[in-house]
Amino acid sequence: MASGKKFIVQSNWKMNKSFDDGLAYLSAIRSAESRFFGAVELVLCVPSTLLKTLADAARGIACVSMGAQNVHWEDKGAYTGEISAPMLKEAGARYCVVGHSERRDSFADTDERVQWKAKACLKQGITPIVCIGESLQERKRGQTLAKLEYQFLTCFEGFTSEDMENIVIEYEPIWAIGSGHVATPQQAGEAHQFIREMIKKYHSKETALKTHIIYGGSVKVKNVLEMSEARDTDGVGVGSDSWDVQNFIKLAEICAQSFSKHSAS
Ligand code: PEP
């Protein structure tokens, strides 16, 4: 891990939680902040309607950054129901999930669109959390690394090294999302190492060290330690097990302890 990098613990709220739920969640994190030793960055990817209120409420909680879950690639226009990167920025988003498998599956987020969306985020200084990963069928056929390479080359086409340093790549095997079937640390580590090697090949070693690569897919309190210690892992993305704030605090605490121990050694 490059020096100065924090370990990311990302929570994807999906289509859950009210204003009151969100404010109570933040207040619990504020009370627990000292347990994270400044080692982790908690990225809360919330429904867009909650973003502004929660971003305002999170000011002063140093470990928390707010994120969105989707964005349109254009800055403005006749796109009913969509939200642009300048709008997300104005609402306080510092991160935005792009290309989540649920959106790829149900809302036609292709790799090309993912690339446009990530570029739209970067233009506003928002860090895109770009999700890539294989289906179960692709894994069974031995096509995992080929799929990752294809997605890497398509999603990040035209990205400069500086762009690559300002994104988060989330390896999310589709079969692990919301399924309870977490990847093994070896499977995650192999994918992360491969992604890091591709950044080295197409950019540089320095850039590869700076890019955050995180794992998402059925991370839970019971497996987060081993997943956080998988090879080349700079963070974890958590869905359902992060919806209970006490659980999320436990997850973050485990990551912070492990990260601090390894950074000191
Ligand atoms: C996600 O949807 O980003 C995710 C990681 O979900 P889960 O942890 O529930 O698999």
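Predicted model: local features only at pLDDT ≥ 70, side-chain atom pairs only at ≥ 80, totals over all residues.

Colleague: How many residues line the largest pocket, and which lie nearest its centre?

Modeller: The lining of the largest pocket consists of 18 residues. Nearest the centre are Ser48, Gln69, Asn70, Arg103 and Phe107.

Colleague: What is the make-up of that lining by class?

Modeller: Seven of the lining residues are nonpolar, seven are polar and four are charged.

Colleague: Let us turn to helix α2. Which of its residues are buried?

Modeller: Helix α2 spans residues 48-58, and its buried residues are Leu50, Leu51, Leu54, Ala55 and Ala58.

Colleague: Why do the buried residues of α2 line one face of the helix?

Modeller: Viewed down the axis of α2, the buried residues fall within an arc of 130°, so they line one face.

Colleague: What follows α2?

Modeller: Glycine 60 follows α2, and its phi is positive, near 95°.

Colleague: Which residues other than glycine have a positive phi?

Modeller: Among them are lysine 17, with phi near 90°, and serine 218, with phi of about 60°. Lysine 17 sits in the loop between β1 (7-12) and α1, while serine 218 belongs to the loop between β7 (212-216) and α11 (224-228).

Colleague: Is serine 218 buried or exposed?

Modeller: Serine 218 counts as buried because its relative accessibility is 9%, and the cut-off for burial is under 20%. Lysine 17, at 26% relative accessibility, counts as partly exposed.

Colleague: Back to α3. Where does leucine 88 lie, and what does it touch?

Modeller: Leucine 88 lies in helix α3 and is buried, with a relative accessible area of 1%. Not counting residues up to four places away in sequence, leucine 88 touches Ser48, Leu51, Ala68, Asn70, Val71, Ile83, Ala93, Cys96 and Ile126.

Colleague: What about isoleucine 129 in the strands?

Modeller: Isoleucine 129 is in strand β5 (residues 127-132). Isoleucine 129 is buried as well, with a relative accessible area of 1%. Leaving aside neighbours within four places in sequence, isoleucine 129 is in contact with Gln10, Val43, Cys45, Tyr95, Cys96, Val97, Val98, Val168, Glu170 and Ile214.

Colleague: Where is phenylalanine 37, and with which residues is it in contact?

Modeller: Phenylalanine 37 is in the loop between α1 and β2 (40-45). Its contacts, leaving aside neighbours within four places in sequence, are Ala256, Gln257 and Ser260. The C-alpha atoms of phenylalanine 37 and glutamate 253 are separated by 8.9 Å, although the two residues are 216 residues apart along the chain.

Colleague: One last topic: what is the span of helix α7?

Modeller: Helix α7 (residues 144-155) has 12 residues and reaches 16 Å from its first C-alpha to its last, close to the 16 Å expected at 1.5 Å a residue. The buried residues in α7 include Leu148, Phe152 and Cys155.

How values were computed
Residues numbered from 1 in each chain as written. Heavy atoms only, no water. Buried < 20%, exposed > 50% of the residue type's maximum accessible area, 1.4 Å probe, protein only. Helix = DSSP H or I, 4+ residues; strand = E, 2+ residues; numbered from the N terminus. Arc of directions from axis to C-beta. 1 Å grid on protein atoms, 1.4 Å probe; cavity = no way out; pocket = protein on both sides within 12 Å on 5 of 7 lines; lining within 4 Å. Nonpolar A, V, L, I, M, F, W, Y, C, P; charged D, E, K, R; others polar. Expected span 1.5 Å × (residues − 1). Contact = heavy atoms within 4.5 Å.
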